Amino acid sequence: MPGSDRPSSPSRALRGRGSECEVLVRLLDELRAGHSSVLVLRGDPGIGKTALLDFMADAAADLTVARAGGVESEMELTFAALHQICGPMLHRMERLPRPQYDALATAFGLTSGPAPDRFLVGLAVLSLMSEVAEELPLVCLIDDAHWLDRASAQALAFAARRLLAEPVLLVFATREPGADYTGLPELTVEGLPDADARDLLNSVLPWPLDEQVRERILAETHGNPLALLELPRGHSPSELTGGFGVPDPLPLSGRIEQSFEHQLAALPTQTRRLMQLAAADPVGDQALLWRAAAKLRIPASAAAPAADAGLLDLGAHVRFRHPLVRSAAYRSASLQERQDAHRALADVTDPQTDPDRRAWHRANASSGPDEEVAAELERCAGRALSRGGLAAAAAFLERATTLTANRARQAERALAAAHAKIQAGAFDAAQKLVAIAELLPLDQLQLMRADLIRAKLAFAAQRSGDAAGLLLKAAHRLEQSDLESARTTYLDAMSAAMYSTRLACPEGSLSAVAQAVRAAPPGSRPQRAPDLLLDGLAANLAEGYSAGLPLLRGALSTSAGEMCVETELRWLALAGIAAVHVWDAERWAELSAQRVEVARSVGALSELPLALSMRVQLLFVAGELTAAESLIDEIQATTAATGSTQTPFSALGLAAIQGREGDLAVLVESTLKEVTPRGEGIGITATEWATALLYNGLGRYDAALAAAEQGSRHLDDLGFGPWCLPELIEAAARAGATAQAADALRRLSEMTTASGTDWALGMEARSRALLSEGEGADRLYQEAIQRLARTRMRTELARAHLVYGEWLRRENRRVDAREQLRTAHEMLTAMGAQGFADRARRELLATGETVRKRSRTVESARDLTTQEVLIARLARDGLSTPEISTQLFISPRTVEWHLRNVFTKLGINSRRQLRAATLRPAARSVLSS
């Protein structure tokens with residue numbers, strides 16, 4: 001590839017940006033060598049991010065360059081920005097694996113079908129970029145990433161995090177990185193150095209400037225290049241006497257925009273109108289712009305003054321000199337001028353190929369209520385939901401509310417919009433919409449809906465301890481008019497009460513909800529899965545574990561049937577808890593995976609963190625800690641994006657099982673400070689369970705006993721209370737507190753014996769063995785191992801090997817003890833449960849076995865990584881590269897890259913040879929007798 005087309009040194013770089021340009025040139029050189037990279041350019045408005053992207057595009061003239069930019073007015077239109085970046089690549093779609101092709105085609109409205117999984121769309125984008133990069137390395141430049149629509153931001157960030165073997169470079173320019181880009185490599189763009197700032201200012205001033213004035217301009221612009229270029233323009237020497245004249249309270253970006261407004265004001269009227277029209281159309285389609293201009297009788301000659309001023313480029317795509325020029329142009333228009341622009345754009349937008357954007361333009365063209373447009377926006381909301389765009393649906397419904405004249409219908413739309421905003425995680429907007437609805441005349445049913453939305457908002461946004469009581473009241477009111485909705489609301493109340501537990505007020509406790517459900521009219525016949533679930537939980541809580549067991553099993557074995565998305569998410573949440581409660585590991589795995597899939601596919605950001613958290617809990621006990629860590633990152637990103645509060649259940653558990661005492665102490669302290677004021681009792685129990693788990697792993701049994709004893713007092717904390725019992729039994733047995741251990745075993749066996757699953761009986765056998773002696777103990781330990789080996793609960797199985805090995809060592813059966821302890825140590829080490837792995841290591845040392853630690857940093861070059869093992873196993877099982885790509889959310893090229901590494905490390909050259917290979921990740925310690 002010729003190098004003459006790109007800057008070879010920073011000497012050709014932008015003024016004052018030598019170090020930044022060096023970074024960008026280095027990334028391009030690495031890309032040409034076949035390496036992928038991601039970079040987030042972060043800086044204030046006008047600081048020069050766009051100029052750096054332009055520099056990069058010029059320097060990459062020998063590569064494939066794709067560009068996109070976020071547009072503030074399109075933030076609610078699902079996948080709008082992704083259309084920009086991927087539109088020119090769609091001719092390569094046919095080469096994508098079928099699930100990815102279907103997801104991307106549905107997202108872009110090319111085909112109809114169920115809402116696509118948001119993360120499958122991200123994988124499709126990654127694969128599409130990889131396909132394009134097969135010809136030439138690909139540079140993707142995304143400007144104004146803070147204005148990307150949510151779906152596009154998620155998809156692009158997903159792709160960015162999974163770049164590995166693809167020659168793709170992704171660069172995001174943004175004011176603030178936001179949750180989607182957390183953890184990606186950043187380059188902060190600061191103001192220009194003083195000397196460069198002075199030179200730049202001198203280059204745009206046609207007259208000598210008083211030195212004090214110059215110093216004030218330099219001080220107030222903070223080296224911001226756009227401010228230095230634009231603020232002095234259009235001002236006479238007398239106007240600049242005091243620096244900027246009258247002190248301006250606007251922030252710097254506002255002042256820069258005002259400078260652009262001055263330049264716009266100097267343009268001919270028709271040129272200003274053309275720029276206002278272009279600003280109202282975020283697509284940048286020149287043909288569309290000129291068709292709309294013809295509607296407004298704007299002549300073609302109007303473009304020249306804008307181009308001569310360097311404000312607008314009317315090439316293949318309509319581009320503004322800077323996003324703030326677009327903003328200034330749009331805001332310079334009067335209300336009537338904006339409406340005229342949007343009306344013209346609506347008239348020339350094809351209702352068949354782009355109905356949503358046409359409806360959006362029609363809405364912005366409306367000068368008052370317009371039922372026809374409001375109804376069209378409602379239809380747009382339905383289409384957005386079908387594509388997985390909850391945020392877009394909420395935006396359409398919100399705008400429809402403002403265009404509705406009929407007050408009763410307006411209230412209905414405001415409530416619908418508020419409800420959609422909650423699901424999309426836009427809690428502040430939901431609060432405002434329900435307040436609007438409450439100012440309108442509401443019938444009895446709408447009043448109940450408003451109360452219900454407020455209760456849901458309290459639970460979704462803050463996990464408020466008041467939510468259960470509010471939901472219970474709403475359910476009572478709904479019984480007379482809508483029994484099905486009442487029972488649905490009781491399910492919500494049950495969920496909310498499970499969070500408040502020990503901190504609940506009497507009217508919002510789990511007991512109060514259970515009693516209310518028992519007193520309510522029965523559901524439909526035959527009973528649906530949600531009805532069985534509700535009645536089973538109520539019976540369990542009101543009458544005892546065994547009483548509710550048949551109903552709960554019936555609910556879990558009954559098909560969910562046809563449900564709307566909201567009902568399905570509600571059912572999946574409680575069904576997952578019920579599956580844990582009845583010790584049904586397989587159903588828990590199925591339900592937790594389904595819940596995450598549904599929440600992702602529709603963009604239910606208020607529900608997704610909870611769904612991920614439940615999935616992480618399963619991964620903990622299944623020993624899949626690496627997968628759990630990646631989901632914890634996603635939880636943190638989602639809660640940051642929505643502004644919601646989320647108890648860090650997953651982070652607590654991970655720190656505990658990894659033996660990170662200091663990290664857990666910090667998490668426990670911060671969690672207790674947050675959950676106690678808002679009345680979230682389950683958060684307290686979670687900290688007690690995690691603390692007991694940590695100290696059992698570290699062998700500090702007195703501390704584990706104290707924490708587990710506290711947590712086990714609250715067995716109605718269905719997620720964590722019962723889990724404290726095995727920790728309490730183990731800690732008490734080791735600490736010599738036999739009475740406490742026996743009492744805990746009695747309470748545990750009331751559940752496990754009634755459940756009868758291998759998971760339940762395996763946990764009971766392990767716990768009972770800890771309190772037994774002789775042949776009885778030996779038999780129970782072996783039963784625990786046999787039963788747990790038939791489940792996916794690998795962490796619990798490894799711990800069964802550990803306690804059995806410890807018992808055998810105390811019985812002086814060293815050879816048998818070593819076998820069990822080796823198995824435990826290998827399993828716990830491989831999964832990353834370092835606290836318990838170290839405990840197993842100490843026990844092995846006590847048997848006389850030599851155990852030598854090995855650092856991760858000195859692993860053999862032939863050791864397989866966890867990811868390589870997983871990919872190799874899937875390939876060995878017959879999955880194709882596209883199938884592995886789809887299952888693991890990585891690109892096909894990355895799959896092949898990992899397989900090449902596996903072949904090299906194992907000394908093989910085909911997938912067939914994987915069948916005879918030993919596939920396990922590098923251990924972090926070496927055992928020798």
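## Strand β4 and its neighbours

In strand β4, Leu169 is the bridge partner of Ser37; strands here are DSSP runs of E with at least two residues, helices are runs of H or I with at least four, and both are numbered from the N terminus. This is a predicted model, in which local features need pLDDT of at least 70 and side-chain atom pairs count only at pLDDT 80 or more, while totals for chains, interfaces and linings use all residues. Residues are numbered from 1 along each chain as its sequence is written, and side-chain values use heavy atoms, with hydrogens and water left out.

Strand β1 (residues 37-42) pairs with β4 in the parallel sense over 6 bridges, pairing being assigned if DSSP finds at least two bridges between two strands. Strand β3 (residues 138-143) also runs parallel to β4, joined by 5 bridges. Leu138 stands opposite Val168 in β4.

## Burial of β4

Because 7 of the 7 residues of β4 (residues 168-174) are buried, the strand is largely enclosed by the rest of the structure; buried means under 20% relative accessible area, with a 1.4 Å probe and protein chains only. Val168, Leu170, Phe172 and Thr174 point one way from β4, whereas Leu169, Val171 and Ala173 point the other way.

## Helices α22 and α23

Helix α22 (residues 467-478) packs against helix α23 (residues 483-500) at an angle of about 165 degrees, with axes 8 Å apart; axes are lines fitted to C-alpha atoms over the stretch in contact, and angles run from 0 to 180 degrees between N-to-C directions. The two helices are therefore roughly antiparallel, a term for angles over 145 degrees.

The contact (heavy atoms within 4.5 Å) includes Leu471 and Leu472 of α22 and Thr489 and Tyr490 of α23.

Notes: Buried < 20%, exposed > 50% of the residue type's maximum accessible area, 1.4 Å probe, protein only. Parallel < 35°, antiparallel > 145°, perpendicular 65-115°, else oblique.
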